[in-house]
Amino acid sequence: PPPRALGPYRGSSPESSAERDVLRVMLLHPSYIEEIIERVGRLDDDAGSHPEVEIDEHDPRGALRDPVFRSIYDAIAERGAEVSAEQLAEALDETAVGVIDVVLAEPGAVIEPRATIDGALRLLKERLMQDKLGELERMTPLATGAEKDSLLRESVIMRRELTALGGRRWRSVRGMID
């Protein structure tokens with residue numbers, strides 16, 4: 001097995017902090033578990049790519065992509081709001097159990113659960129939208145005629161939605177500098 005990193009597990013991407021925040025609320029404020037499962041499920045459903053591109057069901061494009069955070073989320077979702085840390089530990093590997101231990105050791109880490117949930121899910125939605133926009137941009141040069149027009153319209157709509165969420169792409173920032 002790979003050597004265990006020193007310190008608490010941080011995740012593999014910048015968005016991992018949003019994933020960790022979702023888990024913090026689930027572990028420290030179990031009354032929000034059902035709502036979070038529903039909202040993450042909607043994000044996962046929306047994460048589907050363009051209808052013309054097939055996606056493997058194990059594709060890491062869902063809302064929660066970090067394998068450790070996703071395994072904890074799935075274990076909680078399968079067992080429900082009444083699950084204990086011991087029951088979770090039985091179903092998870094050492095790294096995931098370590099994450100749970102760290103979260104439970106900081107009971108005051110989530111002061112405003114509602115704001116934490118909303119902020120974390122907004123960031124995860126932005127990431128999903130950025131991915132979908134990138135997919136549309138990759139497909140557009142290959143399309144012809146009406147299909148190309150449809151992809152361009154879809155891209156414009158997606159950019160507007162991202163702007164409304166507060167999301168920015170490098171290209172939009174670079175355009176402001178030029």
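Student: How far apart are the end C-alpha atoms of α2?

Tutor: Let's start with the source: this is a predicted model, where local features need pLDDT of at least 70, side-chain atom pairs count only at pLDDT 80 or more, and totals for chains, interfaces and linings use all residues. Residues are numbered from 1 along each chain as its sequence is written, and side-chain values use heavy atoms, leaving out hydrogens and water. Helices are DSSP runs (H or I, at least four residues), numbered from the N terminus, and the expected span is 1.5 Å times one less than the number of residues. The 14 residues of α2 should therefore span 20 Å, and this agrees with the distance between its end C-alpha atoms, 20 Å.

Student: Within what arc do the buried residues of α2 fall?

Tutor: Buried means under 20% relative accessible area and exposed over 50%, with partly exposed in between (1.4 Å probe, protein chains only). In α2, I33, I36, R39, V40 and L43 are buried. Seen down the helix axis, using directions from the axis to the C-beta atoms, these buried residues line one face of α2, because they fall within an arc of 135 degrees.

Student: Which helices do the buried residues of α2 pack against?

Tutor: Contact means heavy atoms within 4.5 Å. The partners of the buried α2 residues are α1, α3 and α6.

Key. Helices (H or I, at least four residues) and strands (E, at least two) are DSSP runs, numbered from the N terminus.
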